[in-house]
Amino acid sequence: MDWSDNWRRAFRVELRAQAIGLAWRRWPVLPGTYPAGAHWAGRDGMDDSGPAPVHKDWPERIGTQPEQVASWWAGRPYSLLLATGATLDAIEVGSSLGTGAARVLRTLGMPVPIIATPTGRWIFLTKSGHRVADALAGHGDVVVHGKDSWVPLPPTQFQHGVVHWRVRPEVCGWQIPAAHVVQDALLDAIATRAAGAATRQLVVSAD
């Protein structure tokens, strides 16, 4: 067994441990496809995009007990996915907007769990069941993950990096915010960015 095999084995063990821990907290975790060169493996054949659930009947597996969850990662380094729409939702944004919203939340003393992907996307976790503000629903940099969707959880691997926490759930005492808390922070960040752009335009015009 070479070094890469050892690394993959250690990585699978870490993914499995994280999956079991989150399942005990009743997070709806699922195994997902994982990088294999330029493609994603884990289902029949190779996928061009991912990660995605490996089971076709994945909606029926939401809420699986930790013992069964442990068996899913017994052989392969599957990605760790969170099924949204049952108890948790997620709001995905670009890193610039995510940084602005995180700054707003930090100023208010309201840290929330935030995930960052190697592709430059930030994911804010929220409770399910809140209507999306119209200003966010039509925003090109905002993706809301609810029913029939999923997001990657740390330490899922991508081709060029690993998904990681920007704010760990432990920092928030494992308390997940209502969606409007994150939505309000995003709207504030969007307004601040727009005001900044307008100010810069005035300065340029004055020159």
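# Loops, pocket and overall fold

Me: In which loop is the place of T33?
Reply: This is a predicted model: local features need pLDDT of at least 70 and side-chain atom pairs count only at pLDDT 80 or more, whereas totals for chains, interfaces and linings use all residues. Residues are numbered from 1 along each chain as its sequence is written, and side-chain values use heavy atoms, with hydrogens and water left out. Helices (H or I, at least four residues) and strands (E, at least two) are DSSP runs, numbered from the N terminus. T33 is placed in the loop between strand 1 (29-32) and strand 2 (34-36).

Me: Does T33 count as buried or exposed?
Reply: Contact means heavy atoms within 4.5 Å; leaving aside residues up to four places away in sequence, T33 touches W40, A41, G42, R43, D47, G50, P51, A52, V54 and S79. Buried denotes under 20% relative accessible area and exposed over 50%, with partly exposed in between (1.4 Å probe, protein chains only). Because its relative accessibility is 0%, T33 counts as buried.

Me: What is omega at the peptide bond that joins G50 and P51?
Reply: P51 is found in the loop between strand 3 (39-41) and helix 2. Most peptide bonds are trans. The bond between G50 and P51 is cis, with an omega of about 0°.

Me: Which peptide bond has omega near 5°?
Reply: P155 belongs to the loop between strand 9 (149-152) and strand 10 (157-158). The bond at omega near 5° is cis and runs from P154 to P155.

Me: What is the phi of R26?
Reply: R26 occupies the loop between helix 1 and strand 1 and is exposed because its relative accessibility is 71%. Most residues other than glycine have a negative phi. R26 is not a glycine, yet its phi is positive, at about 70°.

Me: Which loop contains D148?
Reply: D148 has a positive phi of about 65°, although it is not a glycine. Its place is in the loop between strand 8 (142-145) and strand 9.

Me: Which elements give two or more residues to the lining of the largest pocket?
Reply: A pocket is an open set of points on a 1 Å grid over the protein atoms alone, where a 1.4 Å probe fits, with protein on both sides within 12 Å along at least five of seven lines; lining residues have an atom within 4 Å of a point. The largest pocket has a volume of about 210 Å³, the space filled by probe spheres set on the points, which are joined across faces, edges and corners. Of its 14 lining residues, the closest to the centre are A23, R26, G63, T64 and Q65. The elements with two or more lining residues are helix 1 (3-24) and helix 2 (66-72).

Me: Which residues of helix 3 are buried?
Reply: Helix 3 (residues 95-107) has 13 residues and reaches 18 Å from its first C-alpha to its last, close to the expected 18 Å, which is 1.5 Å times one less than the number of residues. It is followed by G109, whose phi is positive, near 70°. The buried residues of helix 3 are L97, G98, G100, A101, A102, V104 and L105.

Me: What is the radius of gyration of the chain?
Reply: The chain has five helices and 12 strands, and its C-alpha trace spans about 65 × 35 × 30 Å along the principal axes. The radius is taken over C-alpha atoms, and the globule rule is 2.2 Å times the number of residues to the power 0.38. For 207 residues, a compact globule would have a radius near 17 Å, which agrees with the chain's 19 Å.
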